[in-house]
Number of protein chains: 4
Amino acid sequence: MMFTPADNDFAQRVRTSFDRQRVMQTIGAELVSVAAGEVVIGLAFREELTQQHGYLHAAIVTAIVDSACGFAAYSLMPATAAVLTIEFKVNFLAPAIGERFVAHGRVMKAGRTVTVTTGDVIAETAAGPKPIATMLATVMTVTDRPISG
Amino acid sequence: MMFTPADNDFAQRVRTSFDRQRVMQTIGAELVSVAAGEVVIGLAFREELTQQHGYLHAAIVTAIVDSACGFAAYSLMPATAAVLTIEFKVNFLAPAIGERFVAHGRVMKAGRTVTVTTGDVIAETAAGPKPIATMLATVMTVTDRPISG
Amino acid sequence: MMFTPADNDFAQRVRTSFDRQRVMQTIGAELVSVAAGEVVIGLAFREELTQQHGYLHAAIVTAIVDSACGFAAYSLMPATAAVLTIEFKVNFLAPAIGERFVAHGRVMKAGRTVTVTTGDVIAETAAGPKPIATMLATVMTVTDRPISG
Amino acid sequence: MMFTPADNDFAQRVRTSFDRQRVMQTIGAELVSVAAGEVVIGLAFREELTQQHGYLHAAIVTAIVDSACGFAAYSLMPATAAVLTIEFKVNFLAPAIGERFVAHGRVMKAGRTVTVTTGDVIAETAAGPKPIATMLATVMTVTDRPISG
């Protein structure tokens, strides 16, 4: 889907916000690309982020796709708006086995207040790319007040 | 709700599995308590885990409650079973501002294959406890095959 | 949880809105009770509403609990506001076998714009009450514009 | 995505099961098409199915897309299996205004026990087609026991 951003500097705005998320640095996530309504975040496998079987923990899979969805919504917001994730649902399709993980977040519907986004996570493995998770997330544009849910 | 565990050593089994989740050590989460069908995980605020406004990132809030729900389900499973999170939904109720965060996971319905759990996260603040997130999660008991979703 | 309604006539307002939902009459649902932030809807079993095994269809189970959640949120809104369901998730806990089904909707957090609600459906059977579904729903207060999502 | 059905008579099996869902006749839904892993259900606008503003009730929008998702999953199951919806989430994108509504359900990942599906509902209006809802649903293949969740 094609979207017209409300702010021409949306890509820089997304990059600045991403850089301020300390947790993204902590887990080693990187912002791969930013388009209007579509953001990609990558993460290399790291043992510090595993669950009991040695795979990437579902919470980290969730973290990168949740961020990709939130920033996809943020990319279409006015320059002065803040972004607030209201809720999301994630389904895990396969164990998070791979050398690298790539989360895509895309805006499905951008409303004045509520934006609906979808996301997925692909594991890059020796045998090729494999989808491991899918998300449906609701994001709010906050323009006129302190963030308080 | 009262549940009868299938395995008397359930608490030790949950603790062992928790200790094997490298990501829980990485973020500094600790297992507070384990009962049959109910698990509590705590996390002290850390700047490395923040989002752009300096609050705990929603992904970390999600990580502790997702784990609490998964381990609550796991506590009722047979000793030889593995636990697999099929999906979850989380709603964020307020910004994650606080000194410490406590996630409670509880089993709502334990089926032979599918267990439904609920969870919530409470922020401990100077002004008292405050609910910041609620989760509804579906967990699978895997007994007869390698985990593959 | 105790809530203070913004509109003292909330119960009448909910009843009027319920009566205008033609689909509730079509399926035979009735408004059992209205309190501030809590609404109960009942439905007697009817063969016209069944799925392929002769149980109440999951869509009808969903319909009554979705309405109970929406009206629970609506009960706390200002007199001039409209209610809009943004999204919900429902887990089915057991087949909808019973003579009557009762859906409870409750507000968990009432924000200025976004209200988070939970709901459940109990089947009344010869063997006693049995939970068959649980819901987590997000509802929006619309005050200043035509409803458009 | 292309799927190979486990049962060559899947289309007839889906049609037979759809015809047994009394509620689908009650609301006037029809099975538009059945392919392996993809099912389309249509519904003409009817006043008996409206909410308080005269639009199609969200519960009916949900009913047709929930069924489309469930039957999409069922189309890939073995001939002797039963289908059980574990849970779903639906986001409403726009009011259900239109002359006719078409729900598409598609399998995203068909596992041995758990199938993940997505669905959407398009309203046919004088101004053209408009997406009004999107769903992410988890469906279970039941092969060896009475349906009990």
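The model is predicted.

The largest nonpolar core holds 224 residues. Those with the most contacts inside this core are A:Ile64, B:Ile64, C:Ile64 and D:Ile64.

Next comes a helix pair in chain B. Two packed helices are described by the angle between their axes and the distance between the axes. Helix α1 of chain B spans residues 10-20, and helix α3 of chain B spans residues 58-75. Their axes come within 9 Å and cross at roughly 145°. The crossing of α1(B) and α3(B) is right-handed. On the α1(B) side, B:Phe10, B:Val14, B:Ser17 and B:Phe18 make the contact. On the α3(B) side, the partners are B:Phe71, B:Tyr74 and B:Ser75. By class, this contact has 5 nonpolar and 2 polar residues, and no charged ones.

Chains B and C also meet. Each chain gives 9 residues to the contact. On the side of chain C that touches chain B, β3, β4 and β6 each supply at least two residues. The largest share of that side, 3 residues, comes from β6(C). The residues of that side of chain C divide into 4 nonpolar, 3 polar and 2 charged.

| Strand | Residue range | Supplied to the side touching chain B |
|---|---|---|
| β3 of chain C | residues 82-92 | at least two residues |
| β4 of chain C | residues 100-110 | at least two residues |
| β6 of chain C | residues 128-142 | at least two residues |

Key
Residues numbered from 1 in each chain as written. Chains lettered and ligands numbered in written order. Predicted model: local features only at pLDDT ≥ 70, side-chain atom pairs only at ≥ 80, totals over all residues. Axes fitted to C-alpha atoms, helices over the stretch in contact; angles between N-to-C directions. Helix = DSSP H or I, 4+ residues; strand = E, 2+ residues; numbered from the N terminus. Left-handed = near helix turned anticlockwise from the far one by under 90°. Contact = placed C-beta atoms within 7 Å. Nonpolar A, V, L, I, M, F, W, Y, C, P; charged D, E, K, R; others polar. Core = buried A, V, L, I, M, F, W, Y, C linked by C-beta atoms within 7 Å. Buried ≥ 20, exposed ≤ 12 C-beta atoms within 10 Å, placed from the backbone.
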